[in-house]
Amino acid sequence: MKECFVSLTLESTALRAGAFGNATCLKCRECGATRELGPFYACFECFGPLEVGYEFGTVTREQIEAGPRNIWRYKALLPVPEDIESSPNLEPGFTRLLDARNLAGELGLTKLWVKDDSTNPTNSFKDRVVACALSAARELGSRVFACPSTGNLANAVAAAGARAGIPTVVFIPSDLETPKQVNSAVFTENLVAVDGTYDDVNKLASEIAGEDPGWAFVNVNVRPFYAEGSKTLGYEIAEQLGWRLPDQVVIPVASGSQLTKVHKAFSELIELGLVEDKSYKIFGAQAEGCSPVATAFADGVDAIRPVKPDTIAKSLAIGNPADGIYVLDIARQTGGSVEQVSDDQIREAIVLLARTEGIFTETAGGTTVAVLKKLVETGQLDPEAETVVINTGHGLKTLDAVTGAVGPRATIAPTYDAFTAAGIA
Ligand SMILES: Cc1ncc(COP(=O)(O)O)c(C=O)c1O
Ligand SMILES: [Zn+2]
């Protein structure tokens, strides 16, 4: 990892020593300029996005394995303090890596795992990123914990803020699925529904963040810290495979942050000598109704043209993805791709995963499994190679997507005759 030239200046930021663990700076992903750790997200030199830089020293498998069964087992690799476990949070992570034999058989794959993040405390992978953002907000002394969200993030922020005793305000597009609205409103009295797209909501959040530095918008002004939480998906996949990297991974793409961080996690594990150095392919999944990255990939261009989303995969409905160009880079560099599927394919894939593996995924997971299927069918994925597909959310939050497609096979009178007449057994 490149050296950071500007290190933490405790006096100027009034941070406590070790506030961000082994993190040493914020580094521009475009020009490499560095600056001190703080509530910054854009480079002073070129306005490029900032990410966290570290000096890890030595980190061993034994040290990690001795940690708790949640993301804090990787605290040495995250921008969090050594005593992170002592402050109330939702303790997400260490979710199942399921050997998906039935789905593999159905799709013609030899070895397939589902990393099932639907079992996190608020039933999506967002609990991981929010746990890291909450730590940053605490260390920075933020007064309000907030986010613009396509749904799951709002659920995670509202719940984590409640647990931590920090006031929360969460902003969502007003056309969001009812379960996602309720799953936020139950934790916070400050759910704000905005008449507009996610991109409109995001713009509003940036404006508020600019006006009041006391607000920690997890995915805006503390985004560098927040985003690091997704690395834990990559660490867990490697550890749960017995400290090995898979050959192929399929990941949903909204802003693209998660995909870039799984790649960062794999690179760090190689660099630290925690896994053997090997190549792997990363594939991104989008819905046709919001596929700016998949379209740029298919067109072979670098620029991502923003779109107005129209898909049942509302959690992935970001028309102007902040990390889209980095997703393109990673897919191209690793030999993967970014693919898109229709709403009907998403619905079918939700039912396919449910009926083969007993996992009820939301539309984002439907998108990912549908893309996995498409990649096999189009020969882009090696069916003999070890493949991991990430399920990032829970189907109970997007019930409407499959309500018309599944339901009672028969409605009968409570008699044995009626049962036999229905021809079920
Ligand atoms: C369930 C689910 N999966 C995937 C994503 C995509 O995450 P990212 O914005 O990091 O690409 C989201 C984003 O909201 C989500 O809610
Ligand atoms: Zn820069």
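Reader: Which polar atom lies 3.4 Å from the backbone nitrogen of Leu 153?
Author: A polar atom of the side chain of Ser 149 lies at that distance from the Leu 153 backbone nitrogen. A polar contact is a pair of N or O atoms within 3.5 Å; within protein, one must be able to donate a hydrogen and the other to accept it, and residues adjacent in sequence count only if both atoms are side-chain atoms.

Reader: How should I read the numbers and letters?
Author: This is a predicted model, where local features need pLDDT of at least 70 and side-chain atom pairs count only at pLDDT 80 or more, while totals for chains, interfaces and linings use all residues. Residues are numbered from 1 along each chain as its sequence is written, chains are lettered from A and ligands numbered from 1 in the order in which they are written, and side-chain values use heavy atoms, with hydrogens and water left out.

Reader: Back to Ser 149. Where is it, and is it buried or exposed?
Author: Ser 149 sits in the loop between E6 and H5; helices (H or I, at least four residues) and strands (E, at least two) are DSSP runs, numbered from the N terminus. Ser 149 has a relative accessible area of 1%, so it is buried. Buried means under 20% relative accessible area, exposed over 50%, partly exposed in between (1.4 Å probe, protein chains only).

Reader: What does Ser 149 touch?
Author: Leaving out neighbours within four places in sequence, Ser 149 is in contact (heavy atoms within 4.5 Å) with Ala 154, Phe 171, Ile 172, Pro 173 and Tyr 198.

Reader: And H5, how many residues does it have?
Author: Helix H5 covers residues 152-164, which is 13 residues, and reaches 18 Å from its first C-alpha to its last. That is close to the 18 Å expected at 1.5 Å a residue; the expected span is 1.5 Å times one less than the number of residues.

Reader: Why is H5 largely enclosed?
Author: Eleven of its 13 residues are buried, so H5 is largely enclosed by the rest of the structure. The buried ones include Asn 152, Leu 153 and Ala 164.

Reader: What covers them?
Author: The cover of the buried H5 residues includes helix H4 (126-140), strand E6 (144-148), strand E7 (168-173), helix H6 (178-185) and helix H8 (223-228).

Reader: What follows H5?
Author: Gly 165 follows H5, and its phi is positive, near 75 degrees.

Reader: New topic: the ligand. How many residues surround it?
Author: Ligand 1 is surrounded by 16 residues (each with a heavy atom within 4 Å of it), and the closest are Asn 152, Ala 254, Ser 255, Gly 256 and Thr 392.

Reader: Which backbone atoms lie 2.9 Å from a ligand oxygen?
Author: A backbone N or O atom of Ala 254 is 2.9 Å from an oxygen atom of ligand 1. For Gln 258, a backbone N or O atom also lies 2.9 Å from an oxygen atom of ligand 1. The protein covers 97% of the 390 Å² of accessible area (Shrake-Rupley method, 1.4 Å probe; for residues, only the protein chains shown count as cover) that ligand 1 has on its own.

Reader: What else does Gln 258 touch?
Author: Gln 258 is among the residues touched by Ser 230, along with Phe 125, Val 129, Lys 261 and Val 262, not counting residues up to four places away in sequence. Ser 230 is in the loop between H8 and helix H9 (231-240), and is buried, with a relative accessible area of 1%.
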